[in-house]
Amino acid sequence: MINQDGVWTRWFRYLTCLVLVVWLIMPLIPLAIWSFARGWFFPDILPRQWTMQAWEYALSETAGVLDSLWLTIGISLSATALSILVGVPAGRALGMYKFKGKEVVELMILAPTIVPGIAVVLGIHSVFISLGLTNTVQGVILVHLIPTLPYMTLVMAGIFSNYDPAFEAQARSLGASPLKTFWYVTLPAIMPGIIVGGLFAFLVSWSQYILTLMIGGGRVVTLPLLLFNFATSGRNDITGAIGMIYILPGIFILLLTAKQLSGRSGAVGGFGRI
Amino acid sequence: MSDRLKIFLLLLPAMSVIILLFFGGLLIGLMRSFNYMPVIGLTEPNFDAYIAVFTDEEFYLSFMLSLHISVTSTLISCVLAVGAALLLRRAFIGRAIINFLFQLNLTVPHLVGAIGILYLFSQSGTFARLAAEADLITRPADFPALVFDPFAIGIILQYVWKEVPFIGVIVLANMQSLGENYESVARSLGASRWQAFRHVLLPLIFPGLLSASVIVFAFTFGAYEIPALLGANYPAALPVLAYRKYTDVDLAARPEAMALALMIAVLSVVMLFFYIRYSRRKVRS
Amino acid sequence: MTNVSIQNLTKVYPGADTPALDRLSLEIASGELTALLGPSGCGKTTTMKMIAGLLDPTSGDVRFNDRSILREKPESRGVVMVFQNYLLFPYMSVADNVGFGLKMRKVDPDEIKRRVGEMLDLVKLPDLGDRKPSALSGGQQQRVALARALIVEPEVLLLDEPLSNLDAHLRFEMRDLIRTLQQEMGITTIFVTHDQEEAVVLADRVALILDGQMKQYDQADAFYKRPIDEATARFFGGHNFIPGTSQDGKFASALGPLGLPDGAMTGAGKLTFRPENVCIGHTRGDQNNLTATLDDIIYLGTQTRLKIRIGDTAVEAVVNPNDVESYSIGDQVPIHLPVGTLWVIS
């Protein structure tokens with residue numbers, strides 16, 4: 001510890017703190033206010049009339065907002081599940097073994113986190129047309145795999161590099177079959193990684209825009225697409241409501257796993273490699 | 001089962017996805033940018049699309065705009081993130097709140113933040129109204145254009161809002177694992193706080209900072225929805241231009257769109273190269 | 001030349017019930033090499049950090065040459081600390097590391113180069129200036145850390161567990177180096193350790209700290225011959241505490257009357273003597289001769305540990321294996337406890 005702070009430093013710290021807090025929350029406030037506003041025009045600081053209209057619309061059967069919500073959740077869960085299925089074995093290979101060409105493989109898996117979606121999706125689109133995957137939910141899920149898989153794999157690689165295979169050998173020598181070994185020994189040990197990686201993967205899929213737009217062709221309307229449409233249509237009140245709905249799952253996930261994210265688990269370490 | 005076979009099988013599903021979807025997508029895009037697609041009868045590759053792009057003034061304007069957005073956003077975010085990490089290093093009242101808000105910010109999608117920025121900074125937005133309240137302006141048009149503007153201020157604001165927590169969390173984790181002892185040594189040898197930071201801490205966190213910056217740079221260069229929402233129409237950011245060309249009624253614009261997409265890919269690969277070079281210099285403390 | 005006076009130094013960490021360090025008082029003469037010895041958590045590292053200015057004390061004072069230094073910032077106190085893991089700046093070469101303090105003081109670059117060269121010669125690493133710390137062995141890294149600290153000619157040098165990371169053969173080398181440099185440059189040095197051997201081998205005087213309290217501050221041999229209490233004696237590997245009364249130069253206990261050296265306290269207390277001071281197999285003189293039964297013989301290669309019983313009292317002895325070659329478990333053996341090796345504690 002380098003000396004306790006002087007008086008000035010402490011005040012500076014508190015001030016910066018305050019500024020940070022305000023700044024972090026700031027963009028979300030107008031959205032929230034708009035969702036309860038009934039016509040909010042310049043130069044009013046706050047709406048003159050408040051209403052639940054936007055929310056009633058958003059939550060109604062006919063608006064399609066709820067449909068979009070379930071659709072988005074479904075797509076993101078599917079993409080996450082697939083990423084887990086595919087990413088756990090890949091993470092094991094990267095975390096526990098050394099082999100020729102490992103660096104190349106790591107690079108290939110890392111590449112989608114850096115190369116933006118637009119660079120890839122245009123090419124995929126033309127192929128998907130011929131495969132009949134455009135305008136389908138399956139196509140969208142598939143294409144979401146591109147950004148989610150790397151995160152899942154890298155987190156799992158981090159977990160597996162701290163994992164001692166001797167545990168499995170021990171279980172086998174005590175008579176456990178490979179399946180039982182996996183279920184009782186391996187899985188509990190890697191579960192923190194699956195959770196953290198899964199959450200990242202979910203959030204990545206949750207916020208995808210251009211991939212869904214291109215492959216879904218405007219037919220698969222996930223929440224971000226719906227939100228964008230309303231935002232550019234000028235219906236700020238409905239935009240506000242949808243926006244609030246859109247950030248909810250993220251907050252929910254954060255609260256669920258606040259412990260996992262702040263702990264020094266190997267999972268976070270794995271992500272820290274990125 | 002030999003180890004090699006085991007490794008191969010473990011990697012097979014993931015590598016199939018990556019190779020088929022990711023590299024496949026890039027490859028197809030590359031081929032079509034050269035108008036080469038035997039499957040549908042285009043058997044003569046040509047440079048038409050590239051010529052069209054490189055002779056188009058709009059391309060250069062878009063490219064420079066995207067570059068400006070990325071460089072500015074990344075630089076500002078880095079500086080602020082390091083500052084935030086220094087602040088959050090040690091325990092103090094309110095640190096838990098900020099940590100929570102940082103993590104909260106990570107879960108908020110860019111699009112929502114962008115809409116928020118729009119509602120705050122547009123000429124009829126919150127800040128404009130506050131200015132009117134303070135009698136600084138009378139009409140919306142009097143408020144400076146911070147969104148849809150040629151300097152992409154709104155876009156940069158949005159990126160900074162999202163990327164400071166992103167980089168900050170990484171740099172903070174880095175700083176905490178390094179501890180304060182290196183700086184203690186430097187201080188006891190006569191370095192002031194600033195000197196200890198500049199000569200000792202900064203070099204130590206630089207690799208992590210660089211890795212994070214590379215990701216941020218590539219993202220801000222190639223993202224679509226934020227400049228689509230907050231950006232001016234002309235020049236548009238490069239990804240917006242690419243999308244526009246791809247969805248153009250004139251199908252001849254498609255190869256041009258692919259060419260643009262490929263250039264975005266190339267730039268990010270250059271970034272990837274920098275990342276690799278510097279991430280090899282890992283520090284074991 | 002700086003003498004260090006620690007006066008009632010106390011540290012209570014926020015939220016703790018007991019102080020990490022409780023009213024430590026110590027007078028260290030200029031140029032002395034002092035050890036702060038104690039188990040982990042005893043408060044010795046806390047003390048060191050407070051001297052270095054890395055931690056503020058709850059109360060008490062630290063004075064250099066009768067000037068309180070608590071108000072001063074770490075970089076202007078003239079205290080340099082060498083950490084246990086050396087903390088050489090990984091991105092700088094050895095020469096840059098060593099010259100760092102001078103660079104911060106804005107010394108002329110040529111002058112820096114000259115002095116760095118001198119310093120590296122002094123620590124016997126003349127050609128390693130351009131290397132990076134990661135290319136050096138642990139022993140070499142420590143020398144660089146020492147060079148880096150000494151080159152700025154600190155008023156006080158603080159060393160954190162200087163010998164504990166080294167292999168046995170390197171320890172003596174480093175011990176000699178530290179003592180030589182320290183004495184040549186006359187820098188008041190305080191080091192912290194949990195290993196009593198390290199303390200004894202390196203220091204002029206040792207301060208034993210247990211549970212935040214200083215127990216005894218003395219030259220090394222005093223801890224073996226005249227420990228201040230049972231905890232202190234035990235820390236240095238003492239065994240054999242026998243309750244009884246001390247009067248007129250004799251100790252009365254279940255072992256019978258035993259002659260005591262001059263200066264032993266009087267009254268009720270415990271007799272203590274170290275296992276290695278028990279003479280096995282013969283008597284000597286006309287007092288302190290006893291007969292014991294051999295309960296157990298544990299051969300340790302260079303020594304043999306004996307569990308013996310005098311009457312009902314269990315005693316431990318450590319002897320040269322040759323001295324007990326002819327004995328077996330259950331035998332009665334004569335033993336002698338030399339007067340000078342006995343001590344009484346309360």
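Tutor: Domain bounds here come from an automatic or database domain assignment. The model is predicted.

Student: How far apart do the C-alpha centres of domain 1 and domain 2 of chain B lie?

Tutor: Start with the bounds. In chain B, domain 1 covers 1-46 and domain 2 covers 47-279. Between the C-alpha centres of domain 1 of chain B and domain 2 of chain B, the distance is 31 Å.

Student: Which classes make up the side of domain 1 of chain B that touches domain 2 of chain B?

Tutor: Contact means C-beta atoms within 7 Å. Domain 2 of chain B gives nine residues to the contact, and domain 1 of chain B gives seven residues. On the side of domain 1 of chain B, the classes are one charged, two nonpolar and four polar.

Student: What separates the centres of domain 1 and domain 2 of chain C?

Tutor: Chain C is split into domain 1 (4-225) and domain 2 (238-345). Taken over C-alpha atoms, the centres of domain 1 of chain C and domain 2 of chain C are separated by 40 Å.

Student: Why is strand 7 of chain C largely enclosed by the rest of the structure?

Tutor: Take the faces in turn. On one side, C:Val156, C:Leu158 and C:Asp160 are buried; on the other, C:Leu157 and C:Leu159 are buried. Strand 7 of chain C, residues 156-160, is largely enclosed because the number of its five residues that are buried is five.

Student: Which residue is the bridge partner of C:Leu158 in strand 8 of chain C?

Tutor: Strand 7 of chain C runs parallel to strand 8 (residues 188-193) of chain C, with five bridges joining them. Within strand 8 of chain C, C:Leu158 has as its partner C:Ile190.

Student: Where does the largest share of the side of chain B that touches chain A come from?

Tutor: The contact takes 73 residues from chain A and 78 residues from chain B. By class, the chain B side has eight charged, 15 polar and 55 nonpolar residues. The largest share, 16 residues, belongs to residues 3-33 of chain B, helix 1.

Methods
Residues numbered from 1 in each chain as written. Chains lettered and ligands numbered in written order. Predicted model: local features only at pLDDT ≥ 70, side-chain atom pairs only at ≥ 80, totals over all residues. Contact = placed C-beta atoms within 7 Å. Nonpolar A, V, L, I, M, F, W, Y, C, P; charged D, E, K, R; others polar. Buried ≥ 20, exposed ≤ 12 C-beta atoms within 10 Å, placed from the backbone. Helix = DSSP H or I, 4+ residues; strand = E, 2+ residues; numbered from the N terminus. Pairing = 2+ DSSP bridges.
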